[in-house]
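Good morning, and thank you for coming. I would ask you to look at the sequence and the structure first, and then to follow me through a few of its parts.

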There are 2 protein chains.
Amino acid sequence: MVEHGGLDIMCLKNKYCHSSSSSSSSEEKKQQEEEEERKTRTSSSSSGTRLDYPRKSSEVLSGQYGTNVLLVGAALLLAVAHRGPAVAEEHLLAFTTGLMALQLLWMAWYIWIRDRRGDLRTERDAHATTCWIRGGLTLLALLSLIMDAFRIGHYVGFNSCVSPVLGVYPVVHATHTMAQVHFLWFHIKDVIKNFETFERFGVIHAVFTNLLLWCNGVMSEAEHFLNNHKRRLYALGYGNLTIVHSEPHCNCTTSACSMFSNSLYYLYPFNIEYHIFVSAVLYVMWKNIGRVMDLSSNRKRSATKTRGLILGPILGLVALASTIGVLVVYVIHVEESLQTRQSAISMFYCYGIIMLVFMCSAGAAGLPHLPGRPHADGHLREPLDTELLFGSSVGSWLMSWCSVVAVLGSTSSPPYRWTNFIYSLFTILEKCIQNLFIIESLHRRRDDGEDPDSPAAPEIFSVTSSLAPPYNGILNRAYETPERDCVTMDNEQAESGRAYRSPRKPSKVPLTEGNNLVDPLITKTQVLKNIAIFLLMCNISLWILLAFGCRPQYDNGLEQEAFGFSIWTTVLNFAIPMNLFYRMHSVASLFEVFRRA
Amino acid sequence: MVEHGGLDIMCLKNKYCHSSSSSSSSEEKKQQEEEEERKTRTSSSSSGTRLDYPRKSSEVLSGQYGTNVLLVGAALLLAVAHRGPAVAEEHLLAFTTGLMALQLLWMAWYIWIRDRRGDLRTERDAHATTCWIRGGLTLLALLSLIMDAFRIGHYVGFNSCVSPVLGVYPVVHATHTMAQVHFLWFHIKDVIKNFETFERFGVIHAVFTNLLLWCNGVMSEAEHFLNNHKRRLYALGYGNLTIVHSEPHCNCTTSACSMFSNSLYYLYPFNIEYHIFVSAVLYVMWKNIGRVMDLSSNRKRSATKTRGLILGPILGLVALASTIGVLVVYVIHVEESLQTRQSAISMFYCYGIIMLVFMCSAGAAGLPHLPGRPHADGHLREPLDTELLFGSSVGSWLMSWCSVVAVLGSTSSPPYRWTNFIYSLFTILEKCIQNLFIIESLHRRRDDGEDPDSPAAPEIFSVTSSLAPPYNGILNRAYETPERDCVTMDNEQAESGRAYRSPRKPSKVPLTEGNNLVDPLITKTQVLKNIAIFLLMCNISLWILLAFGCRPQYDNGLEQEAFGFSIWTTVLNFAIPMNLFYRMHSVASLFEVFRRA
């Protein structure tokens, strides 16, 4: 398929070539098969005008299918959370196991078909993921596998009195994880062109299966944290909370059961991040189905320059180290008497304020150093990234505003009342500045004389940024049947009215600024790189704090007083997973800012 | 500005005109002022490359400002819902009153500035709203005014013991409503080109103020409904629920207080729809800021043909009439003994199944009658509409899946158990089919030989469909400074790489199908129109049922058993407002389908 795509772009440029594309592949048999399929496709879309029909419909239908799969899972989750007689955890696990098995079947089918047809003909989207992302995901998958091993161990210990689903689930999950990592390494960049409708359902099924596993992880984690919190409150004398025990009703036959169940909770955060990131990557693959690749941009970029990188990494490491210190002190002290507890919370807020002030200043200092030119395709590159950043900020903003309202309306006055207030305001401000910094950075490019349209376009790191809207829409439609004469294409081009041009048309215009400004630009770039790396490490720090149980929002009592236990835990259960995703996504986006600067 | 825009498009077509655009306006003084401002703008964006900087930043910043305003309100709402000592309803009302006053100031400033500069120079987006929408909004606004009058009457009766904020709020709200309706009629189509950054904040403030008022309405309505529901449960003997009374602690000094507070709740649904629709319309205005209009499409379409419209409207009227019957019977019977209550619920489900079967069949029957050609700019027209339809379906789908889970897991077996199950499945299916029908309809156009690029392009009804992404992005950037020589523009055009062309380039290619197919097409059109009008009236029916208290999800008890009271009411409080919005938005979209067919 690669050759056809390339030829097509040439076609479009010359506008009057009638070639019907001689494939350079040598395997005659496969070629014949392919042509037969093509004929079938062409005859079903006889006049060439109905081409868009199955695409749009299958997009809508598969989207609805995926959403409904997730919602069935969500309904089961809610029923399990109630712990009523109707639905038990086994039902939920059986449902997710079924979904994972279905995804495994689809992946096996996909790989088998790819192998049968020969891998050479599959187009690839070089921007879909990078080895950084895949490496990171593999690491997270390894930790998920350890978690599965612990779950199996736990099941073996209690196998006499628990449902066999609890044993099947981790086995299927482990198989699913390994198969999915294999898929991520070898097939995630594929641009699917055959059996599009079927594959669309397969990919969206994978996306929503991972999202459901994410929801499941988030709920288990939240429940565990809530139980811990109630236990703490109980120890402090608030005796009217019921702690839900999910332990089985028989004795463990091995000696390691409690070790298994306690260790599980340290691995949850990684499992959660793994699933949400895989679903984002698979979503990009879904969007890529049937897309026509811009082949000239499928090049790698040279290694990232690291000259002048001193202050950012050093400050970042300081932040990271102090974070780990604060985490340890907090987790130990918050379990103790009321006074050490209060001092631990105060310490956290003071530390948080210092951190956020530095982050705000870094972001604000970075803004004037951004390059002035908007990216030629800046509008196209970052819409989904922007939406994800924005959307995931909402949870944290809501939490902070609730804290502000609680502090202002509070009748009690613990020592951390006003530090909490200042901390919340800075959290809001920091996200505003950081969002602006990231969006503006991704939106512009350097004035260093590098031709934006040259083949050495920077490789894009972000999981989502390879989605340029015109590719999904109008371009796709025009490129769809590689053999059509360019006259037909020209018709369609005229019809579609306004919106496309041959991709990567070389720039004929000399840049008005550039080259003569090299020295100040290098300084600017260095400043930007330092700031990006500092913010990146700060975001990792804040992710660590939140993921490993440093959540003063549960412990300080102010918000609970203003909103009541149930409303406030609902807000936290909604906001904390979003905040965790925000921090991780910021890390990915800031790494892209760093590479592009 | 109209003249400059027009000249600019010519410029772009000819590519080498150096004219600096002679305005045809006669008022010399205003022209001078304008030119001075233009000079200031040009000098601040000296090289022409920094133009995008303030636009993108102000978009991001104003978006973040608006979101945070809403979230402060949401935090206050949550605190009020808890009824703790910290925050009382007065605080929330004072906050919203402040926001409304701010919006009033902005609107006054906006109108004053427009009047001072002369209205002639404001570009308008003919697609932004139609008189149908504005008429409908005016009607809803009138009902909101009656609601304000009732609120004032209620305050007068209790003025000795309630906070004066309860009196100030309806007065400000009434003023706000009247001013906003004036704004909707005379300024909503404006495409803002001056003080863009400031106006962006003003418009987004208006959007989120209306959204907050919507949230407030939804919460009051949900609380009222929940109290009614608890009262009913109490009457049936479930005595352990506390009913929260929000009545003041003194006697009413007039005789009409109870009439006022009882009538209020019949007006809530209209007030809620008013605010959500106004915010959607204002959001389109926000997106239009700084956009360059395609002047050739600013024409009106001839009147909609209504020939052959018989079956659809008749069946629709039957549906509407039976709905009102069912509503009345349900609302009366559900208050009575357990048995009449159960029969009322059974009746509702049977009626609902019949209705949904008809709607599913109509939607499915309509799909093959859709025209085969995708709209030339179909991809650009409906993205936001699609997202809104999809997003608002989620609430209803979640609710239905919860019902399915509850029925399957239930231990009790009321007579309506399996009708509830079938009803829920049909609700899901109906939304899937209807979404596909609407999206596909908006996505394609007739093959009746009408040139899609002719000036008589159909007027767009939907509140959101005038947002074509390329206009927001790349085109804007190029058109921004009307006097720049076209050589500079040409540079930018080459720079921006791929994505624009002169808008509405006339099609040179004769359509391959058309004219000879007129007769079957008329039949197809008639079938489509009948189906659209039938679905439209069914959606109105379902909106009426839901808005006026026919909510068996509260009354049937099955879901409450499976999910518990608090989880289930949370799900309903989330899902029902979304479902209401879905029905209203479907009505608007189906009306567009009807007009376009």
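Predicted model: local features only at pLDDT ≥ 70, side-chain atom pairs only at ≥ 80, totals over all residues.

Let me begin with a term. A disulfide, as counted here, is a pair of cysteine sulfur atoms within 2.5 Å.

In chain A, one of them joins Cys161(A) to Cys250(A), with 1.9 Å from sulfur to sulfur. Where in the chain do Cys161(A) and Cys250(A) lie? Cys161(A) is in the loop between helix H5 (131–158) and helix H6 (165–186), while Cys250(A) is in the loop between helix H7 (196–235) and H8. The two cysteines are 89 residues apart, and the pair thus links distant parts of the chain. The torsion about their S-S bond is about -65°, so this disulfide is left-handed. Cys161(A) itself counts as partly exposed, at 32% relative accessibility.

Chain A has a further disulfide, between Cys252(A) and Cys257(A), where the sulfur atoms are 1.7 Å apart. Is the link of Cys252(A) and Cys257(A) left-handed or right-handed? With 65° about the S-S bond, the link is right-handed. If one numbers the bonded cysteines of chain A in sequence order, the pairing reads 1-2, 3-4.

I turn to chain B. Here a disulfide joins Cys161(B) to Cys250(B), at 1.9 Å from sulfur to sulfur. The angle about the S-S bond is -65°, and the link is left-handed. Cys161(B) lies in the loop between helices H5 (131–158) and H6 (165–186) of chain B, and Cys250(B) in the loop between H7 and helix H8 (257–288), so the bond ties together parts that are 89 residues apart in sequence. At 35% relative accessibility, Cys161(B) is partly exposed.

Some cysteines call for a separate word. Cys538(A) is buried, with a relative accessible area of 1%. In chain B, the cysteine sulfur closest to that of Cys360(B) belongs to Cys432(B), and the distance of 9.1 Å is too far for a bond. Cys360(B) is likewise buried, because its relative accessible area of 7% is under the 20% limit.

Let us now consider chain A as a whole. Its secondary structure comes to 19 helices and 4 strands. Of its 597 residues, 59% are buried.

Two helix pairs show the packing in detail. In chain A, helix H8 (residues 257–288) and helix H19 (residues 565–596) have axes that come within 11 Å and cross at roughly 65°. This crossing is right-handed. From H8(A), the contact involves Glu273(A), Ile276(A) and Phe277(A); from H19(A), it involves Leu580(A), Phe581(A), Met584(A) and His585(A). By type, these residues are 5 nonpolar, 1 polar and 1 charged.

In chain B, helix H4 (residues 89–117) packs against helix H7 (residues 196–235) at an angle of about 145°, and the axes are 10 Å apart. H4(B) passes H7(B) in a left-handed crossing. Among the residues of H4(B) in this contact are Leu99(B), Trp106(B) and Tyr110(B), and those of H7(B) include Phe198(B), Val203(B) and Leu213(B). The contact as a whole divides into 14 nonpolar residues, 7 polar and 1 charged.

Finally, I would draw your attention to Val87(B), which is placed in the loop between helix H3 (52–82) and H4 of chain B. Is Val87(B) buried or exposed? Val87(B) is buried, with a relative accessible area of 7%. Which residues does Val87(B) contact, leaving aside its neighbours within four places in sequence? They are Leu76(B), Ala79(B) and Val80(B), together with Val405(A). By C-alpha positions, Val87(B) is 39 Å from Phe186(B), and the two are 99 residues apart in sequence.

Key:
Residues numbered from 1 in each chain as written. Chains lettered and ligands numbered in written order. Heavy atoms only, no water. Axes fitted to C-alpha atoms, helices over the stretch in contact; angles between N-to-C directions. Left-handed = near helix turned anticlockwise from the far one by under 90°. Contact = heavy atoms within 4.5 Å. Nonpolar A, V, L, I, M, F, W, Y, C, P; charged D, E, K, R; others polar. Buried < 20%, exposed > 50% of the residue type's maximum accessible area, 1.4 Å probe, protein only.
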